[in-house]
Amino acid sequence: MTDTIEQKLAELGVELPQPAAPVASYVPAVEVGGLLYISGQLPFIDGKVVTGRLGENVSLEQGEAAARACGIMLIAQMKAALGSLDRVERIVKLGAFISSTPEFTAQPKVANGASDLMVQVFGPAGQHARSAVGVPVLPLGAAVEIDAIVAVRPA
């Protein structure tokens, strides 16, 4: 399966970045009971965090791209934590936090940037449950932050 996932990433033009280091007192991922819990990942595009707020100074398209960037970082964290993407059995749940104004209500469309990527990369195993909520501010002024729960195969 890894060859297929690695091939799919290449077809999509996705090069996995170095997994982001935590910005506070936590670890990037914890594997327990057949699940991998991945801490919230910020959107890095061209090495910089995408900042701003949807409905203010970030467009829907920019928000979707930021969510996709979060998804790419989630996959990088999976590979780092598991040693191989072959261990990914299923993307169980994504939690998407979108920095947005009170009037902005398209959080689910923003989160699709990451959700669609998971299906493109992992196929049916990438389909997942999800929450997408608007928040007033995120760490480092990020526009989007996404965490994940992933079912994993034993090492």
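In which helix is the place of Ile-72? In this predicted model, Ile-72 belongs to helix H2, which covers residues 60-82. The chain that holds this helix contains three helices and seven strands. Read from the N terminus, its elements follow the order α-β-β-β-β-α-β-α-β-β. The radius of gyration of the chain is 15 Å, close to the 15 Å given by the globule rule for 155 residues, so the chain is as compact as a globular protein of that length. Along its principal axes, the C-alpha trace extends over about 45 × 35 × 30 Å.

Contacts across the sequence were examined next. Among the contacts in the chain with a separation of 6 or more, 83% join residues 24 or more positions apart. For Ile-72, when neighbours within four places in sequence are left aside, the contacts are with Val-14, Glu-15, Leu-16, Pro-17 and Leu-117. Pro-43 is 29 residues from Ile-72 in sequence, and the two C-alpha atoms are 8.6 Å apart in space.

Burial was considered for the residue and for the chain. Ile-72 has a relative accessibility of 15%, and it counts as buried because this value is under the 20% cut-off. Of the 155 residues of the chain, 41% count as buried.

With regard to charge, the chain carries 11 positive and 15 negative side chains. The centres of these two sets lie 3 Å apart.

Definitions and conventions:
Residues are numbered from 1 along each chain as its sequence is written. This is a predicted model: local features need pLDDT of at least 70, side-chain atom pairs count only at pLDDT 80 or more; totals for chains, interfaces and linings use all residues. Side-chain values use heavy atoms; hydrogens and water are left out. Helices (H or I, at least four residues) and strands (E, at least two) are DSSP runs, numbered from the N terminus. Buried means under 20% relative accessible area, exposed over 50%, partly exposed in between (1.4 Å probe, protein chains only). Contact means heavy atoms within 4.5 Å. The radius of gyration is taken over C-alpha atoms; the globule rule is 2.2 Å times the number of residues to the power 0.38. Lys and Arg count as positive and Asp and Glu as negative; His and the chain ends are not counted. The place of a charge is taken as NZ of Lys, CZ of Arg, CG of Asp or CD of Glu.
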